[in-house]
Amino acid sequence: MEAISELGRTKNLLQNKCSLAKGTKTHVKILVETYNIISILKKELTVENNNIICVEICLSALCSISEHNYVTAEQFFGDDVSISHFLALTSLMGNSLKSQIYITTLLCSLCQSKKDQLSFLNAGIIPILTRIISIENEPVQIPALRCLCCMCFANRSVSDIICVTSFQGKSLTDILNCLMSRSFSPNIQLGAARCMTYIYRSGTLPSTDLRILHRTLPCLVRLCSEDYRQEIRASAAETLAILIEVDAKLQQIAAICNHLLKSLFQLIKINEPHIKQAALKCLAALGANDETIRKKIIDINSLVDGILQSLNDWESQDHSIWEPLMFIMNNEASTDFLIAVTATICNLLLEFSPSKTPLVGSGIIEKLCQFAEHEHPSLRLNSIWALMNLTYQSDDSTKTNVINAIGVRRILDCLSDPNPLIVLKSLGLLRNILSEAHQIDLIMSIHAKEINDSLYVILDSATSAGIKEQALCVIGGIAAESHQKDYIINDERLLKLIGELLFHPDKRIQAGSLYVISSIVHRKDIWSDKSSLRLTNLNVLRNVQELNKTTENVQISNDYISRTLKQIVVKCKSMYPDITN
């Protein structure tokens, strides 16, 4: 009877403390700092053969305290309570569902860093979460899925382990795949889709994996629709943005799925900041790489006007669209908003846009050059893309302002960016700037070696054919228009590589190489003994002749490669016949 009485007193005391832990932030602060409640509750968890109800009360109180971020994982786990002991409570307490809910919720709060992820991983958390996720009980599954999300977020090591973990003969990724089915609740679907998104983004799964293409992507698009609660829709939109952010193919598929743009437009009109942000993130990710999708976003349902009105409460309809955009650019600290705004500005700086001149006059060049150095890849990409659009066939004053603001060195740094789209758009910017003789001579007279070296690295790397083609276009423009000096012919290493690229299997690279050589041989000053000797010694002209012979019998007489080859050969025969015989 005494034991029962003591148990009752302990239970009542714990319940009182638990009630306080669920109170205001002030109540929790007093419990933590004055009464050292965390240590008391942890000690109670280590009592041998403790009552299930007492353990559940302790765990509930710790969950409530963890919401206020008073303790880290490193502070929580120590000699008194190890991670392994804590995880063991999920099975030692007779598989108490409440205990499993509280433990996974608490671990989710404590998992704040890569160090925490690895500590939990080494303690064996993944098999335990797999077992809990497999329980057909939604209140248990949801916190376990959230905990798994925290574990695999931006962590390749954890994601690799997840992909080889199984329970009762079924892999964890296949379990997650099944949970994205319509037959499960929206919260379960969303939790599973978030896990798969983080596993993919960690690098463990490719974007072509069918579980990403045919299940995760459609699931998130579906959850954005008006059939679901606002919180579900917002979280799905934010997760979808993460899923598609770096893959153009996923963006294209998402853009044509299930009226997604309409759903996002509806979310933007909801008067809740976090919901607006989620929709904007998704729109920014959708339009990150594809001009067609960008135009579709701009055109649908007056979307831009809706965004601007939502962000700025802009009541007057008499303002030009660029004015509130500049207001956001100058005042908005949120990276997500800036990504959405810069995506819009890319279109407003096109050659035919009436907003181009007033934007330049309002200081857009300086803001874009500033954002071109931002840590977020999407904001860097949009800024470089906008500068590329701005400098296309623009006047000398605009190009000079861009160069002065961003600097050649920064553009060249962008050519080694890990994001291939940033490299591509940086090459487009460089090509636009180096489009006329006086601009080429001015910049190349100072930066010729740096520019040639950067272009050589691109051509000699394993990067995409599209990027190499753009680099060759830059080189061809310099070769054709420079007046003061033969910057390309004088770079033997670069010229030799271009001659070798004539035999590249990709037609775009072949065509780009021929464009460079054609630009060189059609110069009036090229046929000096020194220049022609260099073309001979490096086998450039002989490679042209050899390639021409291989294409003579191919029925592609209207093809750019065939036509350009013939033009080069004819020019070479008239000026230097010994080489082409």
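Start by selecting H483, which is exposed because its relative accessible area is 60%. Exposed means over 50% relative accessible area, buried means under 20%, and partly exposed lies in between, with a 1.4 Å probe and protein chains only. The model is predicted: local features need pLDDT of at least 70, side-chain atom pairs count only at pLDDT 80 or more, and totals for chains, interfaces and linings use all residues. Residues are numbered from 1 along each chain as its sequence is written, and side-chain values use heavy atoms, with hydrogens and water left out.

**Around H483**

H483 sits in the loop between helix 30 (465–481) and helix 31 (492–500). Helices here are DSSP runs (H or I, at least four residues), numbered from the N terminus. Contact means heavy atoms within 4.5 Å. A437 is 46 residues from H483 along the chain, yet their C-alpha atoms are separated by 6.4 Å.

**The second largest cavity**

Next select I478, A479, S482, K485, D486, Y487, I488, I489, I520 and R523, which line the second largest cavity. A cavity is a set of points on a 1 Å grid, over the protein atoms alone, where a 1.4 Å probe fits but cannot get out; lining residues have an atom within 4 Å of a point. The volume of this cavity is about 50 Å³, where a volume is the space filled by probe spheres set on the points, and grid points are joined across faces, edges and corners. Its lining has six nonpolar residues, one polar and three charged. Nonpolar covers Ala, Val, Leu, Ile, Met, Phe, Trp, Tyr, Cys and Pro; charged covers Asp, Glu, Lys and Arg; the others, Gly among them, are polar. By this rule there are three cavities of 30 Å³ or more.

**The largest pocket**

Which residues are closest to the centre of the largest pocket? The largest pocket holds about 420 Å³ of space. Of its 17 lining residues, R201, A241, I242, E245 and H376 are the closest to the centre. A pocket is an open set of points with protein on both sides within 12 Å along at least five of seven lines. Colour helix 13 (186–201), helix 15 (230–244), helix 18 (273–286) and helix 22 (335–348), each of which supplies at least two lining residues. Helix 18 gives the most, with four. By type, the lining has nine nonpolar, three polar and five charged residues.

**Helix 17 against helix 18**

To see the contact, show L260, L261, L264, L267 and I268 of helix 17 with I275, K276, A279, L280, C282, L283 and L286 of helix 18. These divide into eleven nonpolar, no polar and one charged. Helix 17 is largely enclosed by the rest of the structure, because eight of its nine residues are buried.

**Two last stops**

Select helix 12 (residues 172–179), which is largely enclosed because six of its eight residues are buried. Those six are L172, T173, I175, L176, N177 and L179.

Finish at R380, in helix 25 (residues 377–391). Is R380 buried or exposed? R380 counts as buried, because its relative accessibility is 11%. Leaving out residues up to four places away in sequence, R380 touches F371, A372, E373, H374, E375, R410, D417 and I422.
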